[in-house]
Amino acid sequence: MRLSRYFLPVLKETPSEAQIVSHRLMLRAGMIKQAAAGIYSWLPLGFKVLRKLENIVHEEQTRAGHIAIQMPILQSADLWRESGRYDDYGQEMLRMQDRHGRDMLYTPTAEELVTDIFRGHVSSYKDLPLTLYQIQWKFRDEIRPRFGVMRGREFYMKDGYNFDLTKEDALHAYNRHLVSYLRTYERMGLQAIPMRADSGPIGGDNTHEFLVLADTGESEVFYDSDVVNLSLANVGNGLDSLNYDSHEDMQAIANFFTSTYARTDETHDPKIFESQVPEERRRVARGIEVGQIFYFGTKYSEAMGATVQGPDGKPVPVHMGSHGIGVSRLIGAIIEASHDDKGIIWPEGVTPFHCGIVNLKQGDEEADAACDKLYSALTALGLEPLYDDRKERAGGKFATMDLIGLPWRITVGPRGLKNGVVELTCRRTGESEELSPEAAVTKIAEIYEGIA
RNA sequence: CGGGGCGUGGCGCAGUCUGGUAGCGCACCUGUUUUGGGUACAGGGGGUCGUAGGUUCGAAUCCUGCCGCCCCGACCA
């Protein structure tokens, strides 16, 4: 993309409404524009990152054997009356009526809808296990939305629902989700720690939240410092050997990640904390919740008659769980975890453009030609560069690139070209090296091998 | 929802106390200049001052209602 043809309304000054760093940077980098309290339009750069995250979620869900569907944003209240949640769910649920006076609601979650789909089409244990998920806009009418997309009223969320014959199978689904979520976050360049949590209005005993450590997090968390060293890379034979069908493998990985003490304030137990964790490893910090998994058994299947016939011919209610990843919120979390005073620093896995190209002397024949050549070479390799071809001064171009956070930048100017070199700069470290344009392209390609 | 604050060009703000018909910086447009980390100068476009009503010869400014947004708290993926 050429910047002169793009729509990137960056701001030099911070809008006064934004308090926390991710919100400020998202506004300044022209990613979002507030439409109402807690409701945002996604501008091209923000939309691009949102799509990147969505793709990663889809890929990892597919890998785990889960199946994508799409359910409506507006639901009828009838199903919620059937489960009993219409009255239980408080003011967070946005309710409305259609022209016929029928009660409708803007989806905050979809256990009822998906259970209705299931009961209408699945009647045999032979069709299990089944996990359906969607990535869809949700709405919760928060009393006080804040922190930009981290706590908006409208948010983009992956929500998945497993249907299993037995509790044991459903717990395998639970573990499978835990592992697929860990993979998802790792690909996004995040460390999200599974912590024992409270189940809230969804109900159920078995639940973990995934938290990204950040000072601006909304939850207080307590953990053993060892937990931050855990990584999928040091599990078994590594990332690519994961066998999602193996109950044993999934259980082992789940145990590996959840046996070290890590809890939110909801479930924190000082006695266990102090007896289990040596003093020098006890940590109290804040975290941003970016996902949660639940096993809640037959709560909805019983209430809504979602049963299958078992091998013995008798109908049994299915065991269910639900699992969510806050996709739009993740953008805020990533920025909170990855920025400096100049702007955002995108991890390679989620960056909206793989590489920036800065032409220091727009209009200079040699520099223009060199930039065009770099642009085509990168594009030909399937990479997406953002070429700043505006007639701006170097300082302005650098400031924009730093703000929007592309992890790599190629700087092209007449001075370097005289010696046959361009400059490749890493956003994260600030380190630069001079090399030939060809070598720069090769290096970028190597960096993104296996990611893009 | 309790407490506090704010609505003035796209963004950040001054002007409101003490009414006299709107200003600054950034951004934008034009030109000159400059060009390797937000160059300098000159010229220019853009605002029913959130909204409705009231007071007044006259309202961004005073009074009342309403709407919107932000912060702290309770609540929450």
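User: I am new to this structure. What do buried and exposed mean here?

Analyst: Buried means under 20% relative accessible area, exposed means over 50%, and partly exposed is in between, using a 1.4 Å probe and protein chains only. This is a predicted model, where local features need pLDDT of at least 70, side-chain atom pairs count only at pLDDT 80 or more, and totals for chains, interfaces and linings use all residues. Residues are numbered from 1 along each chain as its sequence is written, chains are lettered from A and ligands numbered from 1 in the order in which they are written, and side-chain values use heavy atoms, with hydrogens and water left out.

User: Which residues of α7 are buried?

Analyst: Helices (H or I, at least four residues) and strands (E, at least two) are DSSP runs, numbered from the N terminus. In α7, Met 250, Ile 253, Ala 254 and Phe 257 are buried. Seen down the axis, they fall within an arc of 100 degrees, so they line one face of the helix; the arc is taken from the directions from the helix axis to the C-beta atoms. Their cover includes α6 (167-187) and β9 (192-196), where contact means heavy atoms within 4.5 Å.

User: Which residues are buried in α11, and which exposed residues lie on the face turned away?

Analyst: The buried residues of α11 are Ala 367, Asp 368, Ala 370, Cys 371, Leu 374, Tyr 375 and Leu 378. They cover an arc of only 165 degrees around the axis, which puts them on the same side of α11. The face turned away from that buried side carries the exposed residues Glu 365, Lys 373 and Ala 380.

User: What happens at the start of α11 and just after it?

Analyst: A polar contact is a pair of N or O atoms within 3.5 Å; within protein, one must be able to donate a hydrogen and the other to accept it, and residues adjacent in sequence count only if both atoms are side-chain atoms. At the start of α11, a side-chain oxygen of Asp 364 comes within 3.1 Å of the backbone nitrogen of Glu 366. Just after the helix, Gly 382 has a positive phi of about 85 degrees.

User: Which residues come nearest to RNA strand B?

Analyst: A residue is near a strand if one of its heavy atoms lies within 4 Å of it. Of the 37 residues around RNA strand B, Arg 144, Gly 152, Glu 289, Arg 393 and Asp 402 come nearest.
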